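Visitor: I have some questions about the labels used for this fold. Could you show me the structure before I start?

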Amino acid sequence: MTNIKLYTLHLSPPCRAVELTAKALGLELEQKEVNLLAGDHLKPDFLKLNPQHTIPVLDDDGTIVSESHAIMIYLVTKYGKDDTLYPKDPAKQARVNAALHFESGVLFARMRFIFERIVFFGKSDIPEDRVEYVQKSYRLLEDTLTEDFVAGANMTIADFSCISTISSIMGVVPMDEAEYPKIYGWIGRLKQLPYYEEANGGGGTALGKFVLQKREENAKA
Ligand SMILES: N[C@@H](CCC(=O)N[C@@H](CS)C(=O)NCC(=O)O)C(=O)O
């Protein structure tokens with residue numbers, strides 16, 4: 001039994017990316033829920049863990065790691081039985097790193113630009129340029145998928161990262177299967193993981209629905 005705590009919220013994509021990684025490694029994490037809507041992340045105790053007040057945050061027996069990409073790398077490096085999920089080979093690792101930064105700087109950033117507008121700023125309209133930016137990010141992902149997974153022939157933590165965001169945003173900005181066949185094929189492969197639904201699928205769908213419901217409420221207010 002490990003003594004690893006994860007400060008998390010299942011709706012949050014980067015938290016689900018870490019959940020997928022933990023499942024793939026067969027690690028049990030003690031989950032500590034951080035309710036963003038209630039402002040738990042702005043309380044002094046949480047700010048001591050992560051002054052940037054984002055989730056997820058990992059506490060591995062006193063070693064604190066924030067930021068999902070850093071957490072996934074930490075978990076695989078420390079607890080992985082092999083390096084498939086985060087290869088040690090510099091060329092392979094560089095490809096995974098590139099896909100992790102793509103998730104952080106493109107996929108997640110563009111999703112956040114829409115979701116936060118609705119959830120935290122109370123808006124109901126989504127400006128056309130923000131939708132287009134997301135559609136362009138779908139195109140970039142489609143063109144990146146030249147092999148079965150985002151960083152090559154094998155599944156890595158970059159897939160966990162990208163799917164956590166894609167499964168959330170596609171419920172709000174529709175993704176046409178005919179236009180993005182490689183993305184749909186990739187999602188299908190990840191859905192075959194026995195832990196996929198529990199660790200990510202349900203949460204991704206739930207976040208999309210939550211944002212749409214908030215949007216309706218904001219429109220009526
Ligand atoms: N790049 C970061 C993004 C983390 C992030 O922005 N998390 C959101 C929830 S999805 C959050 O904690 N927002 C609260 C805030 O920014 O104050 C990661 O991958 O961990």
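Visitor: At what angle do helix H4 and helix H5 pack, and how far apart are their axes?

Guide: This is a predicted model, where local features need pLDDT of at least 70, side-chain atom pairs count only at pLDDT 80 or more, and totals for chains, interfaces and linings use all residues. Residues are numbered from 1 along each chain as its sequence is written, and side-chain values use heavy atoms, with hydrogens and water left out. H4 (residues 90-119) and H5 (residues 128-144) pack at about 150°, their axes 10 Å apart. Helices are DSSP runs of H or I with at least four residues, strands are E runs of at least two, and both are numbered from the N terminus. Axes are lines fitted to C-alpha atoms, for helices over the stretch in contact, and angles run from 0 to 180 degrees between N-to-C directions.

Visitor: Why is H4 called roughly antiparallel to H5?

Guide: The label needs an angle over 145 degrees; under 35 is roughly parallel, 65 to 115 roughly perpendicular, and the rest oblique. The H4 and H5 angle is about 150°. Therefore H4 is roughly antiparallel to H5.

Visitor: Which residues of H4 and H5 make the contact?

Guide: Contact means heavy atoms within 4.5 Å. On H4 they include Phe-102, Val-106 and Arg-110, and on H5 they include Arg-130, Val-131 and Leu-140. By class, the contact has eleven nonpolar, one polar and four charged residues. Ala, Val, Leu, Ile, Met, Phe, Trp, Tyr, Cys and Pro count as nonpolar, Asp, Glu, Lys and Arg as charged, and the others, Gly among them, as polar.

Visitor: What makes H3 and H4 roughly antiparallel to each other?

Guide: Their axes cross at roughly 150° and come within 10 Å. The angle passes the antiparallel cut-off, so H3 and H4 are roughly antiparallel. His-69, Met-72 and Ile-73 in H3 meet Asn-97, Leu-100, Glu-103 and Ser-104 in H4. That contact has three nonpolar, three polar and one charged residues.

Visitor: Why is H6 called roughly perpendicular to H7?

Guide: The axes of H6 (residues 157-169) and H7 (residues 181-191) cross at roughly 110° and come within 11 Å. The angle falls in the perpendicular range, so H6 is roughly perpendicular to H7. Asp-159, Cys-162, Ile-163 and Ile-166 in H6 meet Ile-183, Trp-186, Ile-187 and Leu-190 in H7. The contact has seven nonpolar, no polar and one charged residues.

Visitor: How many residues line the largest pocket, and which lie nearest its centre?

Guide: The lining has 31 residues, with Ser-12, Leu-36, Phe-108, Arg-112 and Glu-116 nearest the centre. H4 gives the most, with eight residues. By class, the lining has 16 nonpolar, eleven polar and four charged residues. On a 1 Å grid over the protein atoms alone, where a 1.4 Å probe is used, a pocket is an open set with protein on both sides within 12 Å along at least five of seven lines; lining residues have an atom within 4 Å of a point.
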